[in-house]
Structures are given as structure tokens and as C-alpha cells.
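Here are some notes for a colleague who has not seen this structure before. Please read them with the model open.

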Amino acid sequence: MLALKNIHKSFNDHEILKGIDLKINKGDVVTIIGPSGTGKTTLLRCVNYLEKPDEGEIAFSDFQLNYQSVKRKDILRLRRRTAMVFQQYNLFKNKTAIENVMEAQIVVQKKSKKAAYEKSLEELNRVGLADKLDAYPSQLSGGQQQRVSIARALAMEPEIILFDEPTSALDPELVGEVLNVIDQIARSGVTILLVTHEMSFAQNISTKIVFMDQGKIVEEGPPSQIFNHSREKRTKEFLSHFNSNYTKITTAK
Amino acid sequence: MKMDFGYMIKILPGFISVLPLTLVVILCSGLFGFLLSVLVTGIRIKRVKIFSPLMELYISFTRSTPILLQMLLVYYGLPVVLSLIGININNWSGTLFAIATLVLHNGAFLSEILRPAYLAVDEGQKEAADSLGFTSFQKLTRIVFPQVLPVALPGLGNALIYLIQDTSILFIIGVVDIMGTANNLISNDFGSRQIDVFLTVALIYWAISYMADKFIKYFERKTARYHLENGLTR
């Protein structure tokens, strides 16, 4: 359904993505894991054109885009088929929860106010926030804000939702409620591309795990393969940090 | 020296008759100055090549020279500059030069209010709008402007008050507005009733500024709901 081909991206001569190829099928939940600074978020942002890749192609089943020759119209078309959930939620601060979900439906999809309201109500219900319709972002907890932003993405009925470390800015008590919502969405058949550091969650909900290091995909496969029988030494090494419990570092005297 | 209220009331109609002129100058300068400042702000935020550094220069000059000097430069300089490209404005009235000065002055000053207000809307919200497929124009009108406005309003209100006070120098280039009328009165009386005249003028400026202030406060209240983002209540 979605294929990325040979994606390259550099920031000031520093190459972040060194040729990424990735295929995602309809209904897939693909999770990208890997050390920080390795280009996971950059890759996700390239899919949505929030970053402009230097080279490469993105292809949907009926629509192709070469990053070296993009028109403004193509960018909008790409963005209207994808939706992004940000680490920092990025809700519109001057709008209430339901207005946040309605806004793009009215402005971008040209829906009537009534239709947008009903759709928004449905999606906010789905993320468990039917009682917070008229709350402003400043009146919501981080977890609630993130759930509103998930509802905002869902309401656009995109072909794929991109999650960029959706729980990294949350305190541990609030992580669970957001993961539950994502889990439930994943099971309802929505195609997802997710970047996260929540390893056990990734193992649980993903249909495919992609391990990235230093701008390249090192290994990809079903969770059972990556987490239990990984073929690459680097993958094993990275995951070993999550399997062991915390041990206090003591210096011998 | 004693104050003569009877005289103050007697000269009031003379001031009222030139009040429309002062108000037109304020309105035109405020409106076109604001539009110019939006353009200047846009150029600086988009970092348009060549133009952006030129705008920096223009703002720096405007902020660093007295407005009286700017008006004299426009009055004597603008016809010379425009004649170089074949435009003759020698038949312009003093009022037009005054408005031109105030528009240029406010174009620079207001952009220094708008730019930080624009930057106060965090990048994340602009990215969110992008990611949802908003066009640049939709992003500006639906998401950015509504949040820029409440941040910029107090600054814009102050600028309006300054603009009103700045019109008091127009008599220098021969505009017979409120101050011009005052000067005529004084020279007719050989300066014998200066205090009465200036006090009347002060009260008129006070009244205009007071109403302008109320007008701005009304808008601030209207947009107060947007301050919720800062945790302030309605």
C-alpha cells in the first residue's frame, strides 16, 4: 500500500538517512526502533513531507511522488492521505478539544460543521474523551492532549497514521492510557507507522519491527524474530539493554 | 496669569472643525501603516532574499531617528527621490506628506510588534496544520492569526496612542490640524493666551486617546478566550 524507496536526507553535510527502503501493507502496524539520533523520527517526518528528503520516492497504490521534483499540489495530496501524531501533541491552543478535531475536517475536507461535529464526537468517544469536548488544551493532562491529537488524526480517515514517539513526553502514569488507545486503534485495522522506545508495547502490537541504526535499516521482521531470534549482532546488542533489569553502577574501592 | 474657561469654550468650535482632518490622518496612517507592517513582517519571517536585509535597515533607521526628522526628510526628500523615476508630487498637500511619513514610521514600528507575536505561536502547531493538509493560507488565517492577535493587541494599542500623539508635529510642514489651529490662534493673539489654548489642545488629545484606548480594550476583551492557552481565565 505504501512503499518508500531509497530515502536520503542530510542536515548540513551530516547524512541522517542513508537510503531507506520500506514497504507497508494495508492494516500493518510497523514499528521503528533503534538508538536515539539514528533518523527514526526524520524518516517519519519525511513520509509526511515535514522534512524534505534529498532523494527518494514514496509510492501509494495509485499515486507516486519523487522527492526531487515535487509540486505543492503533490505535497498537499500526500499530507491529506497521511496523518501525524506528534511527541508534543501540538494541539491548536486556541481551540477546544472538539474544535481541534473538527478544524481540519472543515478547512481541508470541506465538510459541513454538523458532519464534522458528529465525526469528531465519534472519534473523541473512541479515545475515551467524550466528557472533555469543550476543554482547552491547557485544561487537559498530557495524556488527554495526546488522545485528542490521536482523535484529530483518526477523524481525517487517513490511509496511514504516523506516530512519532507518542508517549515520550508523558509521565509514566499517563503512558498507559495513550498506549491503550493506540493498541485499540491498531486492532481495528488502521495502518500504523510508529516510532517508540516502549519495547514491550512494540513487541505486542506490531506486525513488523524495523530496527534502524546510523541511518540505515539493520534488520526487519515480525516481532518474534527481532526480539527473540534476531540475526544481526547490532540488534541483539541494542535489545539487550531492555531485557536486563536496572542494576546500580558501583565503583569498587 | 489666570485661566479663562469662557475663552477655552469660545475657541473649541475652531478645533472641532479641524478634528476630522486629524482623525483622517490617524485612520489612514494607522490602517496603511498596519498593512505595510504585515508586509514587512512577512518578508522578514520568510527571510526573502535581498528584501529581508533591506527591511532590517529600514526598521533600524526608523527606530533610531526622531519622527520630526523623518517627516522633514519625507517632506523635502520624497519629491526629489520620486522625480528621479519621473513621478511628480510637487502638488501634494502637506497632509499627504504627513500621512506618508506616519505610514512609513508605523510600518517599521508595528512590524516589531507583529514579528515577536508571530514567533510566540509555537512551531509545533504550524507543523500540525501542515501535517493535516492545510494550505499556507489556511494555516495563517485559521491557526496563526487568531493566536497572534491577542498577543499583539496590547502593543498595537500602545502604538495607536503614540500615533495619535505623533500627529501633533504635523503643523511643522504647514498642516492646519489641531496643533496648527492652536498655533494660528496664538500668533493672532501675540501669544497672550498660550496656556488656555494649549490646555484646550491637551484636553482634546486626551479625549481622542481615551476613546482609542477604550476601543482597543474592547478588542482585548473580545479575544480574551485565546488567552486560555496561557492558563488565564476568561
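1. Chain B of this predicted model runs α-α-α-α-α-α-α-α along its sequence. It holds eight helices and zero strands.

2. The C-alpha trace of chain B spans about 70 × 55 × 25 Å along its principal axes. Of the contacts in chain B between residues at least 6 apart in sequence, 76% link residues at least 24 apart.

3. Chain B has 234 residues, and 43% of them are buried. The chain exposes about 13,000 Å², with 69% of that area coming from carbon and sulfur atoms.

4. Which residues form the nonpolar surface patch of about 440 Å²? They are B:L31, B:F32, B:F34, B:L35 and B:V38. B:F34 belongs to helix α1 of chain B, residues 5-45.

5. In chain A, please look at A:R79, in helix α2 (residues 72-81). A:R79 is buried and has no salt bridge. The nearest side chain of opposite charge is B:D130, at 4.1 Å; a salt bridge would need a nitrogen-to-oxygen distance within 4 Å.

6. What does the side chain of A:R79 reach at 2.8 Å? It is the backbone oxygen of A:Y49. A polar atom of the A:R79 side chain also lies 3.0 Å from the backbone oxygen of A:N48.

7. Leaving aside residues up to four places away in sequence, A:R79 touches A:N48, A:Y49 and A:L50 in chain A, and B:D130, B:S131 and B:G133 in chain B.

How values were computed: Residues numbered from 1 in each chain as written. Chains lettered and ligands numbered in written order. Predicted model: local features only at pLDDT ≥ 70, side-chain atom pairs only at ≥ 80, totals over all residues. Heavy atoms only, no water. Helix = DSSP H or I, 4+ residues; strand = E, 2+ residues; numbered from the N terminus. Buried < 20%, exposed > 50% of the residue type's maximum accessible area, 1.4 Å probe, protein only. Lys, Arg positive; Asp, Glu negative; His and termini not counted. Polar contact = N/O pair within 3.5 Å; in protein donor to acceptor, adjacent residues only side chain to side chain. Contact = heavy atoms within 4.5 Å. Patch = residues over 30% accessible without salt bridge, like charges linked within 9 Å, V, L, I, M, F, W, Y side chains within 5 Å. Areas by Shrake-Rupley, 256 points an atom, 1.4 Å probe, with all protein chains shown as cover.
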